[in-house]
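Biologist: I would like to learn how to read strands, cores and chain contacts in a model. Could you walk me through this one?

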Amino acid sequence: MPTRSASLIFGSAVVLASVFATSARSAPQDKNTKEAQAPAPKREITGVWLYQGSGGQESTAPEKDMPPMTPWAQARFAAEKPGYGSRAVPDGNDPILQCDPGGFPRIMFFPTPFEFVQTPARIMQFFEREHAWRPIWIDGRALPKDPDPTWYGYAVGHWEGDYTLVVESIGFNDKTWLGASGYPHSEDMRVTERYQRVDRNTIAYNIRVDDPKAYAKPIIGPERFMKLRPGVEIGELPCVWSEENSFTKRIREPAVGKPNR
Amino acid sequence: MKSKLLLFCTLIVTVLVFCASMQAHHGNAAYDEQHPITINGNVTEFVWSNPHCQIYLDVKGEKGSVVSWSVESQSPGILRRNSWTRDSIKPGDHIAVTLVPAKSGAPVGFSGEKSGKIVFDDGHVLKMDLR
């Protein structure tokens, strides 16, 4: 009987796992149009893409999947007052509230489009959000030895097979959060991304963050999906300090209970 | 065996429902996202700016009092993809705004969820569900 129970539990787990594996991969794909059915171009990723996420409140990985923090990171985390997640407070200190760049990789998890423009030497990634851009060098160069810390880092990429772009990035400052929940990272952060074009209109996106100064283990993001948005032109979405300041006085502060100034 | 099958089915349904709810929106802590409301009023100002467009309107309360509401919306880029323009809302327009109100109780709200919308007196609707 224990064997039968065990096999039932194991069987249930297998069925559930396959249900989720299937729904995770198939749900966002669009097989209904002729264009989507056409094969994706090989080693080519140009186009406007939109992450199929919820609303800018995500982090690199969900809180439940975050590895243990080092004492250094715990001290940073304790000082952060995020607007989202289990520690959310209405009047937080998210850096983007004062128009600091959200930076990379946080910029990946907003539901605003970005555009890939591919050239022989590099793939440019233009983000509507923050009106920011990021070059991904695909000319075979190595990552620099000692890059200056920046908001978006230094990235090199290569094709793995015909449909997966693998990008390695280093050279980040430690002023940004890994997402809206306030998780910190250090300047030692190294990010590995995989953009797998699973059909013409869909990228399966996987991200891994290695930052031993801040976390005991690598952070592994859940598989996410981006959809091609033909015909969409990316606009500009900078955080404009004067406008943000006016907005803060007129809406954000009253919303959290501070008097309208 | 029947009871095990039932347990198994219950397990699957529970996990699927749980996963569906996990995909629902997690809230901006300032707003009560569980309780959207609709307010009706006359527009006093429409601000088309980054990163948040804003709508200001006067709402008549009971006994003729007027409350000035401030409404946060999405960025111009997102609204433009939903066919808004910088002239979509003008001072003097009478509109119904579906929003989630501030928890503070102040007359402030957020109309930028995919469920948010603006309805004009002539029936035309501005939505914001497309990203």
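Modeller: Gladly! Two strands pair if DSSP finds at least two bridges between them. Helices (H or I, at least four residues) and strands (E, at least two) are themselves DSSP runs, numbered from the N terminus. Before we go on, this is a predicted model, where local features need pLDDT of at least 70 and side-chain atom pairs count only at pLDDT 80 or more, while totals for chains, interfaces and linings use all residues. Residues are numbered from 1 along each chain as its sequence is written, and chains are lettered from A and ligands numbered from 1 in the order in which they are written.

Biologist: In which sense do strand 1 and strand 4 of chain B pair?

Modeller: They are antiparallel, with six bridges between residues 37-47 and residues 94-101. Within this pairing, B:Gly41 sits opposite B:Ile95. Strand 1 of chain B also pairs with strand 2 (residues 54-60), again in the antiparallel sense, over five bridges. There B:Asn42 has B:Asp58 as its bridge partner, and a hairpin of six residues links strand 1 to strand 2.

Biologist: What is the order of elements along chain B?

Modeller: From the N terminus it reads α-β-β-β-α-β-β-β-β, that is, two helices and seven strands.

Biologist: And how do I read a nonpolar core?

Modeller: A nonpolar core is a set of buried Ala, Val, Leu, Ile, Met, Phe, Trp, Tyr and Cys residues joined through C-beta atoms within 7 Å. A residue is buried if 20 or more other C-beta atoms lie within 10 Å of its own, with C-beta atoms placed from the backbone. The largest core here has 37 residues, of which A:Trp49, A:Ile136, A:Ile203, A:Tyr205 and A:Met226 touch the most other members. Strand 8 of chain A gives the most to this core, five residues. Apart from it lies another core of 27 residues, including A:Val256, B:Ala30, B:Phe46 and B:Val108.

Biologist: How many residues does each chain bring to the contact between A and B?

Modeller: Two residues are in contact if their C-beta atoms, placed from the backbone, lie within 7 Å. Chain A brings 30 residues and chain B brings 30. On the chain A side, helix 4 supplies the largest share, seven residues. That side divides into 18 nonpolar, eight polar and four charged residues, where Ala, Val, Leu, Ile, Met, Phe, Trp, Tyr, Cys and Pro count as nonpolar, Asp, Glu, Lys and Arg as charged, and the others, Gly among them, as polar.

Note on methods: Buried ≥ 20, exposed ≤ 12 C-beta atoms within 10 Å, placed from the backbone.
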